[in-house]
Amino acid sequence: METKAAGPGAFARFDLSRVPSPSFVVDEVAVRRNLAVLKDVGDRSGAKVLLALKAFSMWALADLVGDYLDGVCASGLWEARLAREHYTGELTTYSPAYRREDMAEILRLSDTVIFNSPAQLARFKDEIATAREQGEVFEIGLRLNPEQSESEVEKYDPCQKGSRLGFPVSQLRPEDLEGVDGLHIHVLCEQDFEPLRRIWQGLEPKLGDALAELKWLNLGGGHHITRADYQREDLIALIAQISERHGLEVYLEPGEAIALDAGILVGEILDTFENSGPVAITDISATCHMPDVIEAPYRPAMLNEALEGVTVRLGGPSCLAGDVIGDYVFAGPPAPGARIAFLDQAHYSMVKTNTFNGVPLPAIALWNSETDALRLVRQFDYSDFRDRLS
Ligand SMILES: Cc1ncc(COP(=O)(O)O)c(C=O)c1O
């Protein structure tokens, strides 16, 4: 995959020595800018916009999110708890499958609970009835698989052959929608408007009259709405058209778009040597701190990468031979102690960190690129590693 990072933005003038290494540094001005774009789309289309916590759940910014969006969406009980503890507005929870012991609390916390199959919804009918008898108010959704691949990478394609994500629309029967208030589709990944338009064009006729019985349609995430070249006017027009034609409330649940180009991961060169070219080991680990670099895979953009000079292979301190970040050009050989930073790391990297090999977790810092105020939100220590293990 290619990085979609637009460039350093205000981070071009951030002094990397101001934070401990490694650290995520999030620019709240950039997050606010993204939120304002999403709010504008919501306001002008009539859609409700929820932050997908799975992508970005730095709850130090929960109040800011609440100032702009209608709420958040969770992937299960723990994100739902986080949502209710820190965020405001609506809460939608969707998981590919729920555990019975979590169901009562999920129904209590959520405004909407979305099931992945009619069979699982049916299996929880007693829990749903009990929760309602106890006064809980929530709506029920069903995630559909439109069976129409639009994703460029199979790993990120919920419509891939044999997909477990969403109930195949070709199997949907009218009785599957009994007790269902709305439908959910999530099929995109870092995509423009056109794939969404094609998906809806394919799906709308298949759903036919069923749409008239529903209250809402959730178009999931994967929309790169805050990227400068995203076709926002087309999205607004499509949402307005869906609402008008079918009387549906439309939801969007972007994650990445909220934190796009809003954070960097700062690290340090620990050692250098030659092996068929210059090699440097950093205190940033691809596998521990930016796992998508290996999983996607992609090459994260480096802040201030030189146009020419020496090309150095950067890799992390873990034992994994493949813990390689990529090959980067430096004006001259970087010396141990030199600071580096990778762009666009606020979404998905922060939520996926781990302590494999006892590699320390990056600290989290909040920067305001307008006032230059910097706050170290959280630092991790040995106990964070130890306490996960026994
Ligand atoms: C169901 C669902 N909704 C929303 C999202 C957020 O997607 P993105 O961060 O790409 O906007 C995801 C991401 O995988 C998802 O699975």
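## About the model

This is a predicted model, where local features need pLDDT of at least 70, side-chain atom pairs count only at pLDDT 80 or more, and totals for chains, interfaces and linings use all residues. Residues are numbered from 1 along each chain as its sequence is written, and side-chain values use heavy atoms, with hydrogens and water left out.

## Around the ligand

The ligand has 13 residues around it, and the closest are Lys54, Gly222, Glu253, Glu256 and Tyr348; to count, a residue needs a heavy atom within 4 Å of the ligand. Lys54 brings in its side chain, with an N or O atom 2.9 Å from a ligand oxygen. Gly255 uses its backbone instead, placing an N or O atom 2.9 Å from an oxygen atom of the ligand. On its own the ligand has 400 Å² of accessible area, and the protein covers 87% of that (Shrake-Rupley method, 1.4 Å probe).

## Asp181

Asp181 turns up in the loop between strand 7 (167-168) and strand 8 (182-184); strands here are DSSP runs of E, at least two residues, and helices are runs of H or I, at least four, numbered from the N terminus. With a relative accessible area of 14%, Asp181 is buried (under 20%, 1.4 Å probe, protein chains only). Beyond its neighbours within four places in sequence, Asp181 touches Glu139, Ile140, Leu214, Lys215 and Trp216, a contact being heavy atoms within 4.5 Å.

## Helix 3

Helix 3 (residues 77-86) has Leu77, Glu79, Ala80, Leu82 and Ala83 buried. The buried residues of helix 3 pack against strand 3 (71-74), strand 4 (90-94) and helix 4 (100-109).

Note on methods
Buried means under 20% relative accessible area, exposed over 50%, partly exposed in between (1.4 Å probe, protein chains only). A polar contact is a pair of N or O atoms within 3.5 Å; within protein, one must be able to donate a hydrogen and the other to accept it, and residues adjacent in sequence count only if both atoms are side-chain atoms.
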